[in-house]
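Q: I'm new to this one. Can you walk me through the charged pairs?

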Amino acid sequence: MESSETMPDTSKADHLCVLVHGLWGNPSHLDYVASALRDRYDSDGLYILCPKANSGNYTYDGIELCGERIVHEVEETLESLAEKGQKITKISVIGYSLGGLIARYAIGLLNARGWLDKLEPMNFTTFATPHVGVRAPLKGYKDKIFNVLGPRTLSASGRQMWLMDSFRDTGRPLLGVLADPESIFITGLKRFQQRSVYANIVNDRSVLFYTSGLSKVDPFRDMEDVNINYVRGYEDVIIDPDLHVLPPVQRGPETAAGRVWKKLKSLTLSIPLSLLIIVLAPLASVLFLINAGIQTCRSSKRIRMHEAGENGERFGRYRVPVFIQDVQHVVEQAFENVTAIQEPAYLSNSDTEVSDVAPEKSTRSSLSKPAQNNADGGSASARRLSTMEEGSTHYPKLALTHEQFGIIDSLNAVGIRKYPVHIQKHHHSHAAIIVRGEKDGFREGKIVMKHWLDNEFAL
């Protein structure tokens with residue numbers, strides 16, 4: 001597909017839409033998103049920018065550096081268009097996977113540099129983005145293996161996504177600062193008219209539902225027992241953001257074969273990560289780790305070059321204070337398969353939570369079946385159902401860290417519409433959610449795009 005910068009007939013567009021790809025990605029991953037936007041809105045209204053500076057292994061270099069590159073391209077584009085006499089008055093930022101985190105960082109910089117005063121912030125949406133990081137909610141030795149080994153294979157981006165870094169002089173991980181209510185990032189995010197996230201509930205081998213859907217619990221843990229409440233008109237794919245599930249459908253007694261299958265499935269899920277690495281995929285693991293080491297070294301060299309020399313001088317202007325009191329004077333597959341088969345750990349039974357209730361009641365009428373409450377989780381089975389009329393359903397909390405719980409609370413307080421997505425026809429829903437290629441199995445992603453353009457994107 002021809003790049004958006006060379007597409008004809010955009011000279012009258014006044015709305016800049018920035019599309020940010022994910023880990024190991026490139027602008028072509030967002031070709032369908034861009035084409036869906038162009039099909040819906042003619043080029044007289046929308047100018048689409050797919051930044052190129054973070055393509056491929058450059059996404060190893062960390063959210064901060066990648067965010068600075070995005071802002072640099074945005075500013076260059078705005079300056080170039082202004083020189084041609086084209087006036088941009090609106091801006092939207094859309095992120096996919098790791099690109100959603102980079103997009104949020106870029107929004108903070110645009111906010112600090114005064115661009116959100118000059119341009120009207122319109123739409124912010126992420127698809128399958130690990131807002132709470134990719135640290136798996138595990139306990140015991142599995143936690144030590146996966147969550148300690150993982151961040152050491154993806155350079156700065158890995159440390160940040162696993163919350164193992166210390167951002168500048170804050171002593172906190174970057175994702176924690178990125179969600180701090182007093183930061184330029186959250187204040188910038190609040191300025192956007194439309195804010196939404198789309199999160200896969202199954203088959204996403206890179207980003208689990210809790211982190212892309214900003215949830216402390218997983219209402220879709222036992223899919224066989226879940227009676228999903230789909231949005232009317234987008235059945236079998238888009239789930240109601242206010243009431244995920246309905247009371248369970250009565251089924252007959254479970255057969256002996258069914259019980260055996262469940263036990264086998266549970267046993268498979270409990271296979272330790274170490275056994276998988278040593279027995280199931282030794283060669284692939286060795287090759288991956290060798291490549292990860294090479295790319296990490298290259299990334300570290302790029303980061304040092306970015307800090308010094310010509311790049312340091314050019315990008316130094318983006319090193320702005322990140323907290324509001326300091327700004328007043330300043331105008332994403334490495335372990336995706338392993339993640340998929342690890343059974344998430346939960347806190348003790350006493351640590352249950354009433355399923356997340358939307359912090360701001362939606363001002364839009366529900367597009368789904370009529371619901372009697374605003375519960376974000378609903379009920380997965382009779383044993384978890386607790387007075388549906390009162391809208392309270394209890395699920396065990398995932399074994400997240402204190403910082404991760406704080407990130408969820410902070411982002412939920414901003415007011416974000418959260419759409420669970422049920423992609424069933426392809427085993428790689430992380431790619432299917434944005435139709436990351438021409439595959440028949442990705443057709444459900446086109447329903448996701450249609451819902452987004454119908455309900456969450458304003459020109």
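A: Start with Lys216, which counts as buried at 10% relative accessibility; buried means under 20% relative accessible area, exposed over 50%, and partly exposed in between (1.4 Å probe, protein chains only). This is a predicted model, where local features need pLDDT of at least 70, side-chain atom pairs count only at pLDDT 80 or more, and totals for chains, interfaces and linings use all residues. Residues are numbered from 1 along each chain as its sequence is written, and side-chain values use heavy atoms, with hydrogens and water left out.

Q: Ok, which side chain does Lys216 meet in a salt bridge?
A: That of Asp409, at 2.8 Å, N to O. A salt bridge here is a side-chain nitrogen of Lys or Arg within 4 Å of a carboxyl oxygen of Asp or Glu.

Q: And Asp409, how accessible is that?
A: Asp409 is partly exposed, with a relative accessible area of 41%.

Q: Why do such side chains pair at all?
A: Side chains of opposite charge can pair when their charged atoms come close.

Q: What about Arg69 and Asp61, what is the N to O distance there?
A: Their side chains meet in a salt bridge at 2.7 Å. Arg69 counts as buried at 10% relative accessibility, and Asp61 is buried too, at 3%.

Q: Switching to Glu403: which residue is its partner?
A: Arg172, with 3.3 Å from N to O. Glu403 is partly exposed at 23% relative accessible area, and Arg172 is partly exposed at 25%.

Q: How many salt bridges are in the whole structure?
A: The search finds 10.

Q: Which residues are linked in a network?
A: Arg40, Lys450 and Asp454 are linked by salt bridges in a network.
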